[in-house]
Amino acid sequence: PNKAIVGENAFSHASGIHQHGMLQNRNTYEIIKPEDIGYAAQTIVLSKHSGRHAIENQLEKMGIELTASELEVFFKRFKDLADKKKKIFEQDLEALIDLSKENPVAIVEVLDFAIQTGTTLGSTATIHLKIDGSEFKEAAIGDGPVDAAFNAIQRIFKVPVTLTAYQVKALPGGNDAMGEASVKLEIDGNAYSAKSYSTDITDASIQAYVRALNRYMTIKSTQTL
């Protein structure tokens, strides 16, 4: 892969400056075409070094259009993720787009959390939330870190919540892949679903749970008005 001129990495570009130059004119950094030696095309490797131009180009190839405000949210989330992952894959971009497009007013917000877990001692979670401008902290135990976190959130939230569905899965990308967490909550006889993504599956689970609570709170505040 590292062989000069014709190695696979000769057609993989991670630097933001290189990517911008390649998108303007591929001859800037490639003296031969990758197709001439059996490669499909040059590769733009999305990473923390990538600039807006390369990211917008990749979104355009995926057929995705974002508004200016959505792009701002997306780019910030991209940079945060790129600090944790060496490479960003297309599935990661799709997950970030999902988060960027769905941007309700955060009535419930996770400020911080701490988890302690073990094989025989059980799990304890401490959650720090902001709800409608006020901050709350609570701790709870549970059958595993996610269950403990959900129990701590419930102690803060007070309104009876039933978790009717919970699912996690890993997106492609190796041992630093993002995890997708999906939850479905029943509150006052109505169902509220949400997803979230993170390289930390516990974080993704907590954020998904809080997103579902936000949907409930948003609808409730609208009905009150």
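Q: How many salt bridges does the structure hold?
A: The model shown here is predicted, and the contacts discussed below are to be read with that in mind. Side chains of opposite charge can pair when their charged atoms come close. Among the pairs of this kind are R52 with E72 and K76 with D80. The number of salt bridges that the structure holds is four.

Q: Which helices hold R52 and E72, the two residues that link distant parts of the chain?
A: The side chains of R52 and E72 meet in a salt bridge, with 3.0 Å from N to O. The two residues stand 20 residues apart and so belong to distant parts of the chain, because R52 is in helix α2 (residues 52-61) and E72 is in helix α3 (residues 68-82). The helices asked for are α2 for R52 and α3 for E72.

Q: Is R52 buried, partly exposed or exposed?
A: Besides its salt bridge with E72, R52 lies over the face of F75, at 4.3 Å from the ring centre. The relative accessibility of R52 is 32%, and the class between buried, under 20%, and exposed, over 50%, is called partly exposed. R52 therefore counts as partly exposed.

Q: What separates K76 and D80 along helix α3?
A: The side chains of K76 and D80 meet in a salt bridge of 3.2 Å, taken from N to O. K76 is exposed, with a relative accessible area of 55%, whereas D80 counts as partly exposed at 38% relative accessibility. Because K76 and D80 are four residues apart in helix α3, what separates them is about one helical turn.

Q: Is E180 buried or exposed?
A: The side chains of E180 and K169 meet in a salt bridge with an N to O distance of 3.8 Å. This pair links distant parts of the chain, with E180 in strand β7 and K169 in strand β6, 11 residues apart. K169 is partly exposed, with a relative accessible area of 46%, but E180 has a relative accessibility of 8% and therefore counts as buried.

Q: What is the geometry of the aromatic pair that F150 and Y166 form?
A: A pair of aromatic rings is described by the distance of the centres and the angle of the planes. The structure holds four aromatic pairs, and in the one formed by F150 and Y166 the distance is 5.8 Å centre to centre, with 85° between the planes. Planes over 60 degrees apart place a pair in the class that is called edge-to-face. The geometry of the F150 and Y166 pair is therefore edge-to-face.

Q: Which strand gives the nonpolar patch its largest share?
A: L163, Y166, V168 and I201 form a nonpolar patch on the surface, and their accessible area together is about 300 Å². Y166 lies in strand β6 and counts as partly exposed at 34% relative accessibility. The largest share of the patch, three residues, comes from the strand that spans residues 162-170, which is β6.

Q: In which loop does D132 lie?
A: Most residues other than glycine have a negative phi. The phi of D132, however, is near 55°, a positive value in a residue other than glycine. D132 is exposed, with a relative accessible area of 64%, and the loop where D132 lies is the one between β4 (123-131) and β5 (134-142).

Q: What is the phi of D188 near?
A: The place of D188 is in the loop between β7 (179-187) and β8 (190-198). At 58% relative accessibility, D188 counts as exposed. D188 is a residue other than glycine with a positive phi, and the value is near 55°.

How values were computed: Residues are numbered from 1 along each chain as its sequence is written. This is a predicted model: local features need pLDDT of at least 70, side-chain atom pairs count only at pLDDT 80 or more; totals for chains, interfaces and linings use all residues. Side-chain values use heavy atoms; hydrogens and water are left out. Patches are made of residues with over 30% relative accessible area and no salt bridge: like charges are joined within 9 Å, nonpolar side chains (Val, Leu, Ile, Met, Phe, Trp, Tyr) within 5 Å. Accessible areas come from the Shrake-Rupley method with a 1.4 Å probe; for residues, only the protein chains shown count as cover. Buried means under 20% relative accessible area, exposed over 50%, partly exposed in between (1.4 Å probe, protein chains only). Rings of Phe, Tyr and Trp (its six-membered ring) pair if their centres lie within 6.5 Å; planes under 30 degrees apart count as stacked, over 60 as edge-to-face and the rest as tilted. A charge sits over a ring if NZ of Lys or CZ of Arg is within 6 Å of the ring centre and within 35 degrees of the ring normal.
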